[in-house]
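Subject: Structure for you to look at

Dear colleague,

I am passing on a structure that I would like you to open beside this message.

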Amino acid sequence: MATKKTTTKKAAAKKSATKSLASRTKTAAKKGAAKKLPARKKTTKKKALTPGGAAAGAPAENPRAHALARRISHLLSDKKALDIVILDVRGMTSYADYFVVASGESDRQVSAMAEHVLTKLKETENLRPIGHEGMDTGQWVLLDFGEVVSHLFFSEARAHYDLEGLWADAPREKVA
């Protein structure tokens, strides 16, 4: 008889636990029904590129910055830079409108390209960079002219950092 009472007590305890769990979930459901979750914001589709190359919502063309990017690219081609590309990053970044990316076959060539750009822009247009980095090593030289940032790479470093892949959505202009 002692076994029967123990099993009934266990069954009764199980039943009450199930009932209390069910009542708790019903109460939680009622509370959840009273509070309404905020509606999700609708996502907008990406804007397609216009025939001009820039995105439909991109900032207006900056002819002065574009002319500077082309001037830098021509100065780089004077020093036999390889694979010169102008990336139009207007609307994609807040610190520049154009990137000029080029590479050289040695670290000395990369440093010479950077030095040539700095001296010619200073002589002809009285233009100095906001900052420049990497002139000593020649692996990656950065010349910051405000609206135009120039990245000059040693060929292997350019492949490693892959800036063109990072800015794959940016319209590009290949300079011969």
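The names follow DSSP runs numbered from the N terminus, where a helix is H or I with at least four residues and a strand is E with at least two.

Before you go further, please keep in mind that this is a predicted model, in which local features need pLDDT of at least 70 and side-chain atom pairs count only at pLDDT 80 or more, while totals for chains, interfaces and linings use all residues. Residues are numbered from 1 along each chain as its sequence is written, and side-chain values use heavy atoms, with hydrogens and water left out.

The protein chain contains five helices and six strands, which come along the sequence in the pattern α-α-β-β-α-β-β-β-α-α-β. Of its 176 residues, 32% count as buried.

Helix α2 itself takes in residues 63–78, and its 16 residues reach 23 Å from the first C-alpha to the last, close to the 22 Å expected at 1.5 Å a residue (the expected span is 1.5 Å times one less than the number of residues). Its buried residues are A65, L68, A69, I72, S73, L75 and L76. They cover an arc of only 160° around the axis, which puts them on the same side of α2; the arc is that of the directions from the helix axis to the C-beta atoms. The face turned away from that buried side carries the exposed residues P63, R64 and D78. After the helix comes K80, with a positive phi near 60°.

The strands form an open sheet of six, in the order β3-β4-β5-β2-β1-β6 and with mixed pairing, where two strands pair if DSSP finds at least two bridges between them. At the edges stand β3 (131–133) and β6, each with a single partner strand, so one side of each is left without a neighbour in the sheet. Neighbouring strands are turned by 15° against each other on average, direction ignored.

Where does α2 meet this sheet? It packs on the sheet and touches β1, β2, β5 and β6, and its direction makes about 5° with that of β2. Helix α3 also packs on the sheet, touching β2, β3, β4 (140–144) and β5, with a direction that makes about 155° with that of β5. Contact means heavy atoms within 4.5 Å, and such angles run from 0 to 180 degrees between N-to-C directions, with axes fitted to C-alpha atoms, for helices over the stretch in contact.

Strand β2 deserves a look of its own: seven of its seven residues are buried, so it is largely enclosed by the rest of the structure. Y98, V100, A102 and G104 point one way from β2, while F99, V101 and S103 point the other way. With β1 it pairs in the antiparallel sense over five bridges, and with β5 in the parallel sense over seven bridges. Y98 has D88 standing opposite, and its bridge partner in β5 is V148.

With best wishes

Definitions and conventions. Buried < 20%, exposed > 50% of the residue type's maximum accessible area, 1.4 Å probe, protein only.
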